[in-house]
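Please look at the sequence and the model before reading on.

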Amino acid sequence: MSYIGILLTYVFIQNFILVQFMGLCPFIGVSKNTESAVGMGAAVTFVTAIASVVCWAVYEFLLAPFGLEYLRTIAFILVIAALVQLVEMVIRKMSPGLYKALGIYLPLITTNCAVLGIAIINIDNGYNLLESFTAGLAAGLGFTMAIILMSCIREKLDMTPVRRVFRGVPIAFISAGLMALAFMMFDKSLIANLGLV
Amino acid sequence: MAIVIAFLIVGGLGLILGIGLAVADKKLHVEKDEKLIELEEAMPGANCGGCGYAGCQAYAEAVFKGEAAPGLCSPGGNALAEKMGQILGVKVEAKEKMVAFVFCRGNRDTTKTEFVYSGIQDCNAASLLQGGPSACKEGCLHLGSCISVCPAGAISKTEDGNIVVDKEKCIGCGKCTTVCPNNVIKMVPYSAEYIVACNNHQNGAQVRKACQVGCIGCRICQVKVEGSPFKVENFLSVNDYSVPQDKAAEAAGLCPQKCIIRRS
């Protein structure tokens, strides 16, 4: 698959949130306003892109040569956790406001299954280094797109009269479900027709 | 042997990452003043923006830098102002808590409507269309934009269709006062008992045509009772809360429109 094909696949066709339903926790938790959604998207994109590369390297050079493929989950989590810690420190230093807005969801990127998901998908699909990086970047971009769309919807929802029982998270989940339906229109045939397979 | 290799590799990986993080932590360390941390912890954390700053943290920082006065936080009230004063070592004057109040008691039974509005159920949208369907152009539109913005859930609609604010739940952030297109919601002291529940500045005849419970500016509440806190300006009576309130009950009883209401 070409790089553009991989990019399109993980941004649209296999969008981590709206098609694979991974990483819903920050998707709902940090989508209250666009500013923190952009910050969260950038943080996740950074982590998925770097984690894809590092996890690929760890798998290829440390685990596979010694026949330790069965340890990949724990090794990947280790790498991801360390990366997230690093991102957290950088954000705390660079932008205290964003750090406060992201709150608990920043360390929770560690357990965001989208990050572990893309690392494992890379290995399962047998991607090389650059393909892994592209897939990781695309997964993060797909996440960012979904969370920004969601935050725009939720900002509008805040100003509309919503029934009390549906206000807040319930209406957000309903909106997310409708967005997921809309994303079903992106199909594998899209990249097949474009000749990017 | 395999288990030793597995142990070494995963352990080594952890060790390297750990050392890397320790170095990064030293390099990226953020110094914070203890007073600022204390201030941030004292904040209610509602992030309502009522103080005029982006959120609780932004306000705490502004107070810490001396750019803002302590005591602007309505949800925190006097207790917080005092606490902030203690942390910073300054005296803070006590202020009464302000809560929102809807200055209108008109509803579909008492106020005439000019047309049927069936557009977006939002006051600001309705207000764009000839000032809204109600014959009173300064009163409540009853579409509840304030209900949607209230972070505390203190505003509700009664069975009669009136919008009311629960003063116990109100945190005084003032968001409803800015969203209301007619400025019907204003802040009153928490203890305020008698309030002129009308916002119409038109003259008596015009108010009577539109609404049965509007203030007609007859000045009875101001003139007939000596020492009355009510004052009529622009055909609308307003209670001045800085004046002693002991005559307010008597003046309220004289109101021919019964629009001076007692808030329990």
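Is B:Cys104 buried or exposed, and why?

## The site of B:Cys104

The model is predicted. In it, B:Cys104 has 27 other C-beta atoms within 10 Å. A residue counts as buried at 20 or more, so B:Cys104 is buried.

B:Cys104 sits in a loop of chain B, between β1 (98-102) and α5 (123-128). Setting aside residues up to four places away in sequence, B:Cys104 touches B:Gly139, B:Cys140, B:Val184, B:Ala197, B:Cys198 and B:Asn199. B:Asn200 is 96 residues from B:Cys104 in sequence, while the C-alpha to C-alpha distance between B:Cys104 and B:Asn200 is 8.8 Å.

## Chain B overall

Chain B contains ten helices and eight strands. It has 264 residues, of which 35% count as buried. Among contacts in chain B with a separation of 6 or more, 57% are between residues 24 or more positions apart.

## Contact between the chains

On the chain A side, 21 residues are in contact with 17 residues of chain B. Two elements of chain A, α3 (34-63) and α4 (72-94), each give two or more residues to this side. The largest share, eleven residues, comes from α4(A). By class, the side of chain A that touches chain B has 15 nonpolar, two polar and four charged residues.

## Packing of α3(A) and α7(A)

In chain A, the axes of α3(A) and α7 (residues 129-158) come within 8 Å and cross at roughly 165 degrees. Angles over 145 degrees count as roughly antiparallel, and therefore α3(A) is roughly antiparallel to α7(A). The crossing of α3(A) past α7(A) is right-handed. Residues of this helix contact comprise 19 nonpolar, ten polar and one charged.

## Nonpolar cores

The largest nonpolar core has 56 residues, and those touching the most other members are A:Ala43, A:Val47, A:Ala51, A:Val79, A:Ile80, A:Val115 and A:Ala138. Elements of chain A that each supply at least two residues of this core are α1 (3-13), α3, α4, α5 (96-102), α6 (113-124), α7 and α8 (169-183). The largest share, 14 residues, comes from α3(A).

Beyond its neighbours within four places in sequence, A:Ala138 is in contact with A:Ile6, A:Leu7, A:Tyr10 and A:Val11. A second, separate core has 48 residues, including B:Ile163, B:Cys173, B:Val213 and B:Leu236.

Methods. Residues are numbered from 1 along each chain as its sequence is written. Chains are lettered from A and ligands numbered from 1 in the order in which they are written. This is a predicted model: local features need pLDDT of at least 70, side-chain atom pairs count only at pLDDT 80 or more; totals for chains, interfaces and linings use all residues. Helices (H or I, at least four residues) and strands (E, at least two) are DSSP runs, numbered from the N terminus. A residue is buried if 20 or more other C-beta atoms lie within 10 Å of its own, exposed if 12 or fewer, and partly exposed in between; C-beta atoms are placed from the backbone. Two residues are in contact if their C-beta atoms, placed from the backbone, lie within 7 Å. Ala, Val, Leu, Ile, Met, Phe, Trp, Tyr, Cys and Pro count as nonpolar, Asp, Glu, Lys and Arg as charged, and the others, Gly among them, as polar. Axes are lines fitted to C-alpha atoms, for helices over the stretch in contact, and angles run from 0 to 180 degrees between N-to-C directions. Angles under 35 degrees count as roughly parallel, over 145 as roughly antiparallel, 65 to 115 as roughly perpendicular and the rest as oblique. A crossing is left-handed if the near helix is turned anticlockwise from the far one by less than a right angle, and right-handed if clockwise. A nonpolar core is a set of buried Ala, Val, Leu, Ile, Met, Phe, Trp, Tyr and Cys residues joined through C-beta atoms within 7 Å.
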